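Subject: Structure for you to look at

Hello,

Here is the structure I promised to pass on. Please open it next to this message, and then read the notes below.

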Amino acid sequence: MFKDIEHLIRLAVVIAIALVAFVILRAAVVPHSFGQYGHYRGAAIGEIASRPVAFAGHDTCEACHTDVVDQKKLGKHVVVACEACHGALAKHADDPGSVQPGKLDTAVVCARCHEANSAKPKGFPQVATADHAGGLACDTCHQPHRPKIETEGKK
Amino acid sequence: MEITRRRLLVLLPAAAVAWKYVLAGTPEASPNYQLTEHWWSMLIDIPKCIGCGSCVRACAEENDVPQGYYRTWIERYHVSDWRIERPEVESPDGGKNGFPPHADDGGKNFFVPKLCNHCADSPCTQVCPVGATFITPDGVVLVDKTYCLGCRYCIQACPYGCRFLNPRTNTAEKCSLCYHRITKGLTTACCEVCPTGARQLADLKNPKDPIHEFLRTHAVQVLKPHMATGAKVFYNGMDGSVR
């Protein structure tokens, strides 16, 4: 048949070894969830999803602080989530004893939303804090969870 | 069995492959979460935005965003009279600490919160050379930071300017739509703290989501529709000057 077939066999062996090496290397280098959903590492979805949260969510707050919820229900701040003012408190929710939220400075927190600005929607309650309070803290007059000031005898 | 040189050469690659499989365990996200049952989006109601910056601060805290970089930010638009093509746009520190009063109160003034649009056909995922950024089966564009090379192609590709290179990790970063929260049944950090409900997380695959009623009854737009990105952040009451 072929003359000097030995040469061809040697070549075939070299190619076969290279092929096997490629397959082994590829299996070792490409993460095995790559291509699970598309051209990316499928396990990345689970890794990103398993990060811890910083904001507990208002449902978590309301499970314990029912007195504040009742107060908020009487005013317009019922739609404002607790952590919008109090900050991220998932650590407090996990361990209420040792992690306590700090006291808020109403002069800063209230002004973030209610400081007058021409770009704010017209119906939104706004004040120029310097003229409105003359340096007094907002909670001198307003109760932050139910901010509307109700005069006695009139609801 | 005696380990000869020949046997060692055969065994080493085999052991390496086996070890790789041992290392690649898939971490549990949330047990009852089904990737195929959601298609996440967001609704932004511009007339409700008061520019308080709560979303920007919450995002930075929830996602450990470096100072001076933003996964979400607020822009203040000032459009004088007919000059709709030339709005004055500002975003001091991403709107993190609110906005100082504008010198000119005349004309049209409003706030526009911005974030990743989680495009269904996103340019950023198409240009990634290594498959480090991708859209999940539930419609969220994410970055696999263990795979990202930091080549910045995606940052250039995003027509909305929503990506940046994290200076600490040197990998591309962007809004993840708080993927670690929404898969646990929570809303995103920005939607959680928005005091006026100007931002709403929406699940387009959930027939009970109020987004469907809203989209039917309002004139809603997406940013840069001419780019055909399939953007999924819907803006209500958006002025023609918004870019």
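**Chain A as a whole**

The accessible surface of chain A comes to about 10,700 Å², and carbon and sulfur atoms account for 64% of it. Accessible areas come from the Shrake-Rupley method with a 1.4 Å probe, and for residues only the protein chains shown count as cover.

Two remarks on conventions belong here. This is a predicted model, in which local features need pLDDT of at least 70 and side-chain atom pairs count only at pLDDT 80 or more, while totals for chains, interfaces and linings use all residues. Residues are numbered from 1 along each chain as its sequence is written, chains are lettered from A and ligands numbered from 1 in the order in which they are written, and side-chain values use heavy atoms, with hydrogens and water left out.

Chain A has 8 helices and 0 strands; helices (H or I, at least four residues) and strands (E, at least two) are DSSP runs, numbered from the N terminus. Its radius of gyration is 32 Å, well over the 15 Å that the globule rule gives for 155 residues, so chain A is more spread out than a compact globule. That radius is taken over C-alpha atoms, and the globule rule is 2.2 Å times the number of residues to the power 0.38. Along the principal axes, the C-alpha atoms of chain A fill a box of roughly 115 × 40 × 25 Å.

Of the 155 residues in chain A, 24% are buried. Buried means under 20% relative accessible area, exposed means over 50%, and partly exposed lies in between (1.4 Å probe, protein chains only). Among contacts in chain A between residues at least 6 apart in sequence, 44% join residues at least 24 apart, where contact means heavy atoms within 4.5 Å.

A:C82 lies in helix α5 of chain A and is buried, with a relative accessible area of 18%. Leaving out residues up to four places away in sequence, A:C82 touches A:H58, A:C61 and A:K72. A:C82 and A:D59 are 23 residues apart in sequence, and their C-alpha atoms are 9.5 Å apart in space.

In α7(A), the buried residues are A:T106, A:V109, A:A111 and A:C113. These pack against α5 and α8 (129–133) of chain A.

Just after α2(B), B:D64 takes a positive phi of about 55 degrees.

**Strands of chain B**

An open sheet is formed by 4 strands of chain B in the order β9-β1-β11-β10, with mixed pairing. At its edges stand β9 and β10 (220–221), each with a single partner strand, so one side of each is left without a neighbour in the sheet. Two strands pair if DSSP finds at least two bridges between them.

Strand β1 (residues 40–45) of chain B has 6 of its 6 residues buried, so it is largely enclosed by the rest of the structure. B:W40, B:M42 and B:I44 point one way from β1(B), and B:S41, B:L43 and B:D45 point the other way. β1(B) pairs with β9 (residues 199–203) in the antiparallel sense over 5 bridges, and runs parallel to β11 (residues 233–236), to which 4 bridges join it. B:I44 stands opposite B:R199 in β9(B) and opposite B:Y235 in β11(B).

Elsewhere in chain B, β2(B) and β4(B) pair in the antiparallel sense over 8 bridges, with B:Y77 opposite B:F110. In β4 (residues 108–115), 7 of the 8 residues are buried, so this strand too is largely enclosed by the rest of the structure.

**Two loop residues**

Most residues other than glycine have a negative phi. B:D93, in the loop between β3 (88–90) and β4 of chain B, has a positive phi of about 50 degrees. B:D93 counts as partly exposed at 29% relative accessibility. B:K224, in the loop between β10 and β11 of chain B, has a positive phi near 45 degrees, and at 26% relative accessibility B:K224 is partly exposed.

Regards
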